[in-house]
Amino acid sequence: MAGTSRKYPMLRRSRAMWGSRRVWQPRLVFWAGAVSIGVISVLFAVLADKAQALFHMMIGDGGGRRFYLPLAITPLGFVLCAWLARAFFPGSQGSGIPQAIAARHLRDDDDRSHLLSLRLAAGKIALTIVGLFCGASIGREGPTVQVGASLMLQAARWGGMAQARGLILAGSAAGIAAAFNTPLAGIVFAIEEMGRTYEARTNGLVLTAVILAGLASLGLLGNYTYFGVSKETIAFAADWPLVLGCGIIGGGFGALFSLLALKITRRIRRWHTQQPLARALLVAAVCGLGVAVIGIASGGLTFGTGYAQARGAVEGTPLPWFFFAEKFLAGLLSMVSGIPGGIFAPSLAVGAGIGSSLGLLFGASAGAAALLGMAGYFAGVVQAPMTAFVIILEMTGNHDNVIALMLASMLGYGTARMISHEPLYHALSRVFIAEAIRRRRAETGQG
């Protein structure tokens, strides 16, 4: 053996390298970071579900005076979340995906720390749970992306790893994979939505993070499909009009949501220049009151993520024909209010509502129509068609409708591009990049 080492010095050097702490420490820290994303994502999901359940328990089942409690609770909860986000967790507002995208474009670690940190991750989880407890129409999936990216970036600092951009991508993908139990969607999301200029050398980081976070999630919850198992099959001869309608109409509404969200947030931001805190709290209160009124008018259907309604539609229970419009408005108000919370789950609920309504119109199966509506609307909102159909396939366990879902997603994306040329998350990420540049210039005295 000694003779072999003398004869092959490269082999001896390789053994020494693989046995060194310098090589193994970053790997162990990275693996631990990926596992922690899976564990924290599961705990986040459990707490978010409990918060929604407590809210519905508090307001009752649609009868009596308690059902009007949201008129007080929801605006006050929005104001509390907006104040805490501004005072203690600046950078936690909104989905969390724009922050992760912005952090990948920033070169300075101090600038990234204003968007991705353990403090922000803790605040994001806590305030999203408070928002759900108050009836906000928000989701936890976007916040899980910011949490995952924050955990992975912190792991990079502890482990002395230099690939910050790749690690942010890996943490984001792991967050999506663990939030939905959709590993393929996590990878596609990283490539299509987070990366845009994807680097092949990050393949290993993304795959490893998704696998480890997924294993942690499986260990805690077991294998499951987010919306249950759909048995519906789309018959092309009979359902072509439905596929076209869900893709085009869903994509149009998705683009409208994106366009309104960007225009309203820009106007609010300009209005905030005078008395920023007071006006931010006033906006949160008005939006919270609007969400409460819509929620009461809908019989409580629009409060929370919309997961139960979307799952019911996928399993074949038609939604009220006006549900999608009410959920659309509740989600828009929640987003522009300035409180932390995502749009993934509410968008899927709106899409399911659009599909359900079109299914009733075309006389088609409610479950199949809901799937197509989700694909078209979600692709229209985020302008990421591959992520849209992959995530819906994995969430329903139904691979019989691949072509139909791909077509609905592409039609939704194409329609959205004609209406709104700016992808929502990337347009919002530029706000955080601009803020980082202004902060840097102020610190260096450049203006």
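Let's start with S150. Leaving aside residues up to four places away in sequence, S150 touches L115, L116, S117 and A121. Contact here means heavy atoms within 4.5 Å.

A quick word on the source. This is a predicted model, where local features need pLDDT of at least 70, side-chain atom pairs count only at pLDDT 80 or more, and totals for chains, interfaces and linings use all residues. Residues are numbered from 1 along each chain as its sequence is written, and side-chain values use heavy atoms, with hydrogens and water left out.

Back to S150. Where does S150 sit? S150 is in helix α8, residues 141-159. Helices are DSSP runs of H or I with at least four residues, strands are runs of E with at least two, and both are numbered from the N terminus. Is S150 buried or exposed? S150 counts as buried, because its relative accessibility is 0%. The cut-offs: buried is under 20% relative accessible area, exposed is over 50%, and partly exposed is in between, using a 1.4 Å probe and protein chains only. One distance for S150: its C-alpha atom is 9.9 Å from that of A122, and the two residues are 28 apart along the chain.

Next topic: charges. Side chains of opposite charge can pair when their charged atoms come close. A salt bridge needs a side-chain nitrogen of Lys or Arg within 4 Å of a carboxyl oxygen of Asp or Glu. How many salt bridges does a search of the whole structure find? The search finds three.

Take E422 and R266. Their side chains meet in a salt bridge, 2.9 Å from N to O. E422 lies in the loop between α19 (402-419) and α20 (424-444), and R266 lies in helix α12 (residues 236-271), so this pair ties together parts that are 156 residues apart in sequence. E422 is partly exposed, at 25% relative accessible area. R266 is partly exposed too, at 30%.

Now R430. The side chain of R430 also meets E422 in a salt bridge, at 2.7 Å from N to O. R430 is partly exposed, with a relative accessible area of 45%. Shared partners therefore matter for the picture: salt bridges join R266, E422 and R430 into one network.

Last pair: E315 and R311. They form a salt bridge, and the closest N and O atoms are 3.0 Å apart. E315 is partly exposed at 47%. R311 is partly exposed at 28%.
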